[in-house]
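Welcome! Below is a short tour of one protein model, taken a region at a time. Please keep the 3D view open as you read.

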Amino acid sequence: MSDARMSINILGPLQPKCGDVELLLPGKKLRCILALLALRAGDEVRRDELIEELDLMRTTGNATNALHAHMTRLRRWLNAQCEGQNILQSVNSGYRLNVDGSAVDAHRFRVDVEQALALSPSVPSVVETMLANALGLWRGDALVDTCDGPLAAAAADELHQMRTTAREVLLDAWIVLERDQQVIVNARRFITNDPFNERMRAQLITALKRQGRHAEAYESYYQAERMFNDELGINPSRNLRNALVDLH
């Protein structure tokens, strides 16, 4: 019997692990089920929710039987990977993944970000460490290779919004700590993934200005202005314009 515990990473491609060993779970539906169970680690996911998420009413003649077959295969796979841990449990009207929330990267991310936000802005050095560690858990977009039903879509959207908030607050902490080069490098990287984020663009301009790189700060603003006009038909907000005004 193995003592290694199961962990599941969903901040990127699904990555189930038993101890330090990364496992391969075949089948998109099984990956989807495992990801949804991991999102609610320790809590129930109802059968009707899983049937809707997997679109079994439309794609099978008997959705309940089809779900049961998928769950049987998933339980067999889990038992074979992490022997004797009884990871997948049937409860009430659904199923539960018998792992602690700390075994799922998304849960650890949420906890770290919520704690960091509670401390911000009073202790920027602590906030910086917590948020850098939390963002380091991400390996790509959340739930990227599992499913796109309503539960997964809502969960992914929430996680991505929290990631955006974590990035913004991390940049603020670096600004307070006068780590302007870190702000510049990372703000540019974050903006690549979130081009319409005006707060990050204002933070970038602030850091460039403090390093005396005024030409780059102006170009950063005018690049944003062109993009907002071309893509959205609007001008940048007052907050972003104010970041430029401070250069004068």
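## The three-stranded sheet

Let us begin with an open sheet of 3 strands, ordered β4-β6-β5 and paired in the antiparallel sense. The edges are taken by β4 (44-46) and β5 (88-91), each with a single partner strand, so one side of each has no neighbour in the sheet. From one strand to the next, the twist averages 35°. Strands here are DSSP runs of E with at least two residues, helices are DSSP runs of H or I with at least four residues, and both are numbered from the N terminus. Two strands pair if DSSP finds at least two bridges between them.

This is a predicted model: local features need pLDDT of at least 70, side-chain atom pairs count only at pLDDT 80 or more, and totals for chains, interfaces and linings use all residues. Residues are numbered from 1 along each chain as its sequence is written, and side-chain values use heavy atoms, with hydrogens and water left out.

## Helices on the sheet

Strand β6 (residues 94-97) pairs with β4 over 3 bridges, antiparallel, and R96 in β6 stands opposite E44. Helix α1 (residues 28-39) packs on this sheet and touches β4, β5 and β6, its direction making about 70° with that of β6. Helix α4 (residues 63-81) packs on the sheet too, touching β5 and β6, and its direction makes about 140° with that of β5. Contact means heavy atoms within 4.5 Å. Axes are lines fitted to C-alpha atoms, for helices over the stretch in contact, and angles run from 0 to 180 degrees between N-to-C directions.

## A hairpin

Strand β1 (residues 6-9) and strand β2 (residues 15-18) run antiparallel and are joined by 4 bridges. They form a hairpin with 5 residues between them, and G12 in the turn has a positive phi of about 135°. N9 stands opposite Q15 in β2.

In a regular strand the side chains alternate between the two faces of the sheet. In β1, M6 and I8 point one way while S7 and N9 point the other way, and all are buried. Buried means under 20% relative accessible area, exposed over 50%, and partly exposed in between (1.4 Å probe, protein chains only).

## Salt bridges

Side chains of opposite charge can pair when their charged atoms come close. The structure holds 13 salt bridges, each a side-chain nitrogen of Lys or Arg within 4 Å of a carboxyl oxygen of Asp or Glu. Among them, R40, R46, D48 and E49 are linked in a network.

Which residue forms a salt bridge with D55? The partner is R58, with the closest N and O atoms 2.7 Å apart. D55 is partly exposed at 30% relative accessible area, whereas R58 is exposed at 65%.

R110 and E158 form another salt bridge, with their closest N and O atoms 3.8 Å apart. This pair links distant parts of the chain, 48 residues apart: R110 is in helix α5 (residues 105-119) and E158 in helix α7 (residues 150-176). R110 is buried at 15%, while E158 is partly exposed at 41%.

R210 and D180 also form a salt bridge, at 2.7 Å between the closest N and O atoms. R210 lies in helix α9 (residues 198-210) and D180 in helix α8 (residues 180-193), so this pair ties together parts that are 30 residues apart in sequence.
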